[in-house]
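Dear colleague,

I am handing over the structure below, and my notes on it follow directly after. Please read them alongside the sequence.

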Amino acid sequence: MAGAINLLVQSHPINSALSLIVVMAALAAEYLLLGAEFVAAVQVIVYAGAIMVLFVITIMLLNAGKEERTKGSRAAILLGVPGVAIGGVLVAWTLLNRPNAEAVPIGALQGDPHAIARLLFHDFLLPFEVTSVLILIAIMGAVVLASRPEGAARGARKDEG
Amino acid sequence: MIPLSYYLLLSGILFACGVLGFLIKRNIITIFMSIELMLNGVNLAFVAFAAHWHALAGQVFVFFVMVVAAAEAAVGLAIIIAVYRTRDTLNVDRVNLLKL
(Lines give C-alpha, C1' and ligand atoms only; values in the text may rest on other atoms or scores of the structure.)
Protein backbone atom coordinates (compact mmCIF):
# COMPACT_ATOMS: atom_id res chain seq x y z
CA MET A 1 0.00 0.00 0.00
CA ALA A 2 2.52 2.50 1.08
CA GLY A 3 5.19 1.80 -1.49
CA ALA A 4 3.00 2.80 -4.39
CA ILE A 5 2.03 5.98 -2.61
CA ASN A 6 5.65 6.80 -2.01
CA LEU A 7 6.35 6.45 -5.70
CA LEU A 8 3.45 8.75 -6.36
CA VAL A 9 5.05 11.33 -4.13
CA GLN A 10 8.44 10.90 -5.71
CA SER A 11 7.23 11.99 -9.11
CA HIS A 12 5.87 15.30 -7.76
CA PRO A 13 3.91 17.33 -10.27
CA ILE A 14 3.06 20.80 -9.15
CA ASN A 15 -0.18 19.52 -7.76
CA SER A 16 1.66 16.94 -5.75
CA ALA A 17 -0.60 18.21 -3.04
CA LEU A 18 -3.12 15.60 -4.15
CA SER A 19 -0.66 12.76 -3.72
CA LEU A 20 0.25 14.21 -0.36
CA ILE A 21 -3.40 13.93 0.63
CA VAL A 22 -3.31 10.26 -0.38
CA VAL A 23 -0.24 9.75 1.79
CA MET A 24 -1.99 11.40 4.72
CA ALA A 25 -5.01 9.17 4.33
CA ALA A 26 -2.84 6.07 4.08
CA LEU A 27 -0.99 7.12 7.21
CA ALA A 28 -4.30 7.49 9.00
CA ALA A 29 -5.08 3.91 8.01
CA GLU A 30 -1.70 2.84 9.37
CA TYR A 31 -2.44 4.52 12.69
CA LEU A 32 -5.74 2.71 12.82
CA LEU A 33 -3.88 -0.50 12.16
CA LEU A 34 -1.58 0.28 15.05
CA GLY A 35 -4.51 0.76 17.36
CA ALA A 36 -4.18 4.52 17.65
CA GLU A 37 -7.72 5.57 16.84
CA PHE A 38 -7.44 9.04 18.28
CA VAL A 39 -4.29 9.87 16.37
CA ALA A 40 -5.87 8.52 13.19
CA ALA A 41 -8.88 10.77 13.62
CA VAL A 42 -6.72 13.79 14.35
CA GLN A 43 -4.57 12.97 11.34
CA VAL A 44 -7.58 13.00 9.04
CA ILE A 45 -9.04 16.15 10.53
CA VAL A 46 -5.92 18.24 10.93
CA TYR A 47 -3.72 17.08 8.08
CA ALA A 48 -6.03 15.87 5.36
CA GLY A 49 -8.60 18.44 6.34
CA ALA A 50 -7.03 21.66 7.43
CA ILE A 51 -3.43 21.72 6.28
CA MET A 52 -4.11 20.35 2.82
CA VAL A 53 -6.92 22.80 2.28
CA LEU A 54 -4.47 25.55 3.16
CA PHE A 55 -2.00 24.19 0.65
CA VAL A 56 -4.49 23.83 -2.14
CA ILE A 57 -5.90 27.29 -1.58
CA THR A 58 -2.43 28.78 -1.64
CA ILE A 59 -1.60 26.96 -4.85
CA MET A 60 -4.76 28.24 -6.48
CA LEU A 61 -4.23 31.72 -5.10
CA LEU A 62 -0.71 31.99 -6.39
CA ASN A 63 -1.55 30.42 -9.70
CA ALA A 64 1.47 28.16 -9.51
CA GLY A 65 2.71 26.82 -12.78
CA LYS A 66 5.40 24.35 -13.75
CA GLU A 67 8.74 24.43 -12.04
CA GLU A 68 11.47 26.26 -13.79
CA ARG A 69 14.90 24.69 -13.93
CA THR A 70 17.97 26.68 -13.15
CA LYS A 71 21.60 25.84 -12.62
CA GLY A 72 21.11 25.63 -8.90
CA SER A 73 18.44 22.99 -9.25
CA ARG A 74 20.71 20.79 -11.35
CA ALA A 75 23.44 21.02 -8.73
CA ALA A 76 20.89 20.20 -6.07
CA ILE A 77 19.83 17.07 -7.97
CA LEU A 78 23.44 15.99 -8.44
CA LEU A 79 24.22 16.37 -4.77
CA GLY A 80 20.83 15.51 -3.32
CA VAL A 81 19.97 12.21 -4.96
CA PRO A 82 23.18 10.36 -4.00
CA GLY A 83 23.12 11.91 -0.55
CA VAL A 84 19.60 10.80 0.16
CA ALA A 85 20.29 7.38 -1.35
CA ILE A 86 23.25 6.94 0.98
CA GLY A 87 21.19 8.07 3.93
CA GLY A 88 18.34 5.72 3.05
CA VAL A 89 20.70 2.77 2.66
CA LEU A 90 22.25 3.57 6.03
CA VAL A 91 18.87 3.68 7.72
CA ALA A 92 17.70 0.47 6.06
CA TRP A 93 20.95 -1.27 6.94
CA THR A 94 20.66 -0.24 10.57
CA LEU A 95 17.08 -1.37 10.77
CA LEU A 96 17.63 -4.70 9.07
CA ASN A 97 20.69 -5.47 11.15
CA ARG A 98 18.69 -5.23 14.32
CA PRO A 99 15.83 -7.66 14.05
CA ASN A 100 14.58 -6.86 17.51
CA ALA A 101 11.13 -6.77 16.07
CA GLU A 102 8.43 -8.56 17.86
CA ALA A 103 5.32 -8.06 15.88
CA VAL A 104 2.97 -5.29 16.85
CA PRO A 105 -0.39 -6.76 17.74
CA ILE A 106 -3.10 -5.35 15.56
CA GLY A 107 -5.95 -3.76 17.38
CA ALA A 108 -4.27 -3.57 20.73
CA LEU A 109 -6.60 -0.61 21.18
CA GLN A 110 -4.38 1.20 23.60
CA GLY A 111 -4.92 4.53 21.91
CA ASP A 112 -8.39 5.21 23.21
CA PRO A 113 -9.21 8.87 23.78
CA HIS A 114 -9.78 8.36 27.52
CA ALA A 115 -6.21 7.39 28.27
CA ILE A 116 -4.80 9.98 25.91
CA ALA A 117 -6.85 12.72 27.49
CA ARG A 118 -5.71 11.69 30.96
CA LEU A 119 -2.10 11.80 29.83
CA LEU A 120 -2.56 15.04 27.94
CA PHE A 121 -4.27 16.96 30.72
CA HIS A 122 -2.33 15.58 33.67
CA ASP A 123 1.20 14.74 32.72
CA PHE A 124 1.55 17.04 29.74
CA LEU A 125 -0.52 19.97 30.94
CA LEU A 126 2.25 22.56 30.70
CA PRO A 127 3.28 21.67 27.14
CA PHE A 128 -0.38 21.71 26.21
CA GLU A 129 -0.84 25.25 27.47
CA VAL A 130 2.38 26.39 25.85
CA THR A 131 1.07 24.92 22.62
CA SER A 132 -2.02 27.10 22.82
CA VAL A 133 0.19 30.17 23.12
CA LEU A 134 2.16 28.95 20.12
CA ILE A 135 -0.99 28.62 18.06
CA LEU A 136 -2.10 32.09 19.07
CA ILE A 137 1.23 33.53 17.96
CA ALA A 138 1.03 31.57 14.72
CA ILE A 139 -2.42 32.95 13.97
CA MET A 140 -1.29 36.51 14.61
CA GLY A 141 1.82 36.01 12.54
CA ALA A 142 -0.11 34.55 9.64
CA VAL A 143 -2.61 37.38 9.67
CA VAL A 144 0.12 40.02 9.81
CA LEU A 145 2.18 38.39 7.09
CA ALA A 146 -0.61 37.67 4.68
CA SER A 147 -2.43 40.95 4.94
CA ARG A 148 -1.69 43.62 2.41
CA PRO A 149 1.49 45.54 3.17
CA GLU A 150 -0.12 48.95 3.04
CA GLY A 151 -2.83 50.15 5.35
CA ALA A 152 -4.23 47.31 7.37
CA ALA A 153 -0.96 45.48 7.91
CA ARG A 154 0.80 48.59 9.13
CA GLY A 155 -1.88 49.14 11.71
CA ALA A 156 -1.70 45.54 12.88
CA ARG A 157 2.05 45.72 13.23
CA LYS A 158 1.84 48.91 15.25
CA ASP A 159 -0.73 47.35 17.54
CA GLU A 160 1.53 44.40 18.18
CA GLY A 161 4.63 46.44 18.81
CA MET B 1 0.92 -8.90 13.04
CA ILE B 2 3.32 -6.56 11.28
CA PRO B 3 6.89 -6.34 12.59
CA LEU B 4 7.96 -3.04 14.02
CA SER B 5 10.83 -2.75 11.57
CA TYR B 6 8.40 -2.48 8.66
CA TYR B 7 6.82 0.57 10.20
CA LEU B 8 10.22 2.07 10.87
CA LEU B 9 11.29 1.32 7.32
CA LEU B 10 8.20 3.03 5.94
CA SER B 11 8.79 5.96 8.23
CA GLY B 12 12.36 6.18 7.02
CA ILE B 13 11.23 6.03 3.42
CA LEU B 14 8.74 8.82 3.99
CA PHE B 15 11.39 10.92 5.68
CA ALA B 16 13.85 10.24 2.86
CA CYS B 17 11.23 11.27 0.30
CA GLY B 18 10.74 14.45 2.26
CA VAL B 19 14.46 15.19 2.32
CA LEU B 20 14.77 14.39 -1.36
CA GLY B 21 11.90 16.68 -2.26
CA PHE B 22 13.31 19.35 -0.02
CA LEU B 23 16.65 19.19 -1.78
CA ILE B 24 15.72 18.85 -5.43
CA LYS B 25 12.47 20.75 -5.69
CA ARG B 26 12.62 24.38 -6.63
CA ASN B 27 9.02 25.32 -6.06
CA ILE B 28 8.64 26.78 -2.62
CA ILE B 29 5.22 25.24 -2.05
CA THR B 30 6.48 21.79 -2.98
CA ILE B 31 9.40 22.25 -0.61
CA PHE B 32 6.90 23.08 2.06
CA MET B 33 4.95 19.92 1.37
CA SER B 34 8.19 17.95 1.63
CA ILE B 35 8.60 19.31 5.13
CA GLU B 36 5.12 18.09 5.97
CA LEU B 37 6.09 14.70 4.57
CA MET B 38 9.10 14.55 6.86
CA LEU B 39 6.97 15.42 9.86
CA ASN B 40 4.58 12.65 8.89
CA GLY B 41 7.37 10.12 8.70
CA VAL B 42 8.46 11.06 12.20
CA ASN B 43 4.87 10.79 13.39
CA LEU B 44 4.61 7.27 12.04
CA ALA B 45 7.77 6.29 13.91
CA PHE B 46 6.32 7.80 17.09
CA VAL B 47 3.09 5.86 16.82
CA ALA B 48 4.85 2.63 15.91
CA PHE B 49 7.10 2.87 18.95
CA ALA B 50 4.18 3.84 21.15
CA ALA B 51 2.36 0.71 20.05
CA HIS B 52 5.46 -1.38 20.48
CA TRP B 53 6.35 -0.29 23.98
CA HIS B 54 2.75 0.21 25.08
CA ALA B 55 3.61 3.75 26.02
CA LEU B 56 0.88 6.25 25.32
CA ALA B 57 3.19 9.23 25.61
CA GLY B 58 4.29 8.66 22.03
CA GLN B 59 0.82 9.39 20.76
CA VAL B 60 0.63 12.56 22.82
CA PHE B 61 3.86 13.67 21.22
CA VAL B 62 2.36 13.00 17.82
CA PHE B 63 -0.41 15.32 18.84
CA PHE B 64 2.08 18.04 19.65
CA VAL B 65 3.96 17.49 16.42
CA MET B 66 0.70 17.91 14.52
CA VAL B 67 -0.04 21.16 16.33
CA VAL B 68 3.40 22.50 15.52
CA ALA B 69 2.98 21.39 11.91
CA ALA B 70 -0.32 23.19 11.64
CA ALA B 71 1.11 26.40 13.08
CA GLU B 72 4.10 26.10 10.82
CA ALA B 73 1.91 25.57 7.77
CA ALA B 74 -0.15 28.65 8.56
CA VAL B 75 2.84 30.91 9.09
CA GLY B 76 4.83 29.40 6.24
CA LEU B 77 2.07 29.77 3.71
CA ALA B 78 1.56 33.35 4.84
CA ILE B 79 5.26 33.94 4.25
CA ILE B 80 4.97 32.33 0.82
CA ILE B 81 2.11 34.64 -0.08
CA ALA B 82 4.09 37.65 1.09
CA VAL B 83 7.13 36.53 -0.92
CA TYR B 84 5.03 35.99 -4.00
CA ARG B 85 3.54 39.45 -3.67
CA THR B 86 6.93 41.10 -3.63
CA ARG B 87 8.85 38.89 -6.09
CA ASP B 88 6.20 37.43 -8.40
CA THR B 89 7.97 34.09 -8.33
CA LEU B 90 7.79 30.83 -6.41
CA ASN B 91 11.24 29.65 -7.40
CA VAL B 92 13.59 29.54 -4.43
CA ASP B 93 16.58 30.19 -6.65
CA ARG B 94 15.14 33.57 -7.48
CA VAL B 95 14.50 34.46 -3.86
CA ASN B 96 18.05 35.13 -2.84
CA LEU B 97 17.84 38.60 -1.36
CA LEU B 98 16.31 39.43 1.97
CA LYS B 99 15.77 42.97 0.86
CA LEU B 100 14.73 44.14 -2.54
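Helices here are DSSP runs of H or I with at least four residues and strands are runs of E with at least two, both numbered from the N terminus. Residues are numbered from 1 along each chain as its sequence is written, while chains are lettered from A and ligands numbered from 1 in the order in which they are written. Please keep in mind that this is a predicted model, in which local features need pLDDT of at least 70 and side-chain atom pairs count only at pLDDT 80 or more, whereas totals for chains, interfaces and linings use all residues.

On confidence, the model scores ipTM 0.76 and pTM 0.72. The pLDDT, which is the predictor's confidence in each residue from 0 to 100, averages 80 over chain B, where 94% of the residues score at least 70.

Chain A contains seven helices and one strand, arranged along the sequence as α-α-α-α-β-α-α-α. Burial is counted from C-beta atoms placed from the backbone: a residue is buried if 20 or more other C-beta atoms lie within 10 Å of its own, exposed if 12 or fewer, and partly exposed in between. Of the 161 residues of chain A, 22% count as buried. A:Val56, in helix 3 (residues 37-62) of chain A, is partly exposed because 16 other C-beta atoms lie within 10 Å; A:Val56 and A:Ala17 are 39 residues apart in sequence, yet their C-alpha atoms are 6.9 Å apart in space.

In chain B, B:Ala69 belongs to helix 3 and counts as buried, because it has 21 C-beta neighbours inside 10 Å. Between B:Ala69 and B:Asn40 there are 9.4 Å in space, C-alpha to C-alpha, and the two are 29 residues apart in sequence.

Helix 1 (residues 4-24) and helix 2 (residues 28-53) of chain B pack at an angle of about 165 degrees with their axes 7 Å apart, the axes being lines fitted to C-alpha atoms over the stretch in contact and the angles running from 0 to 180 degrees between N-to-C directions.
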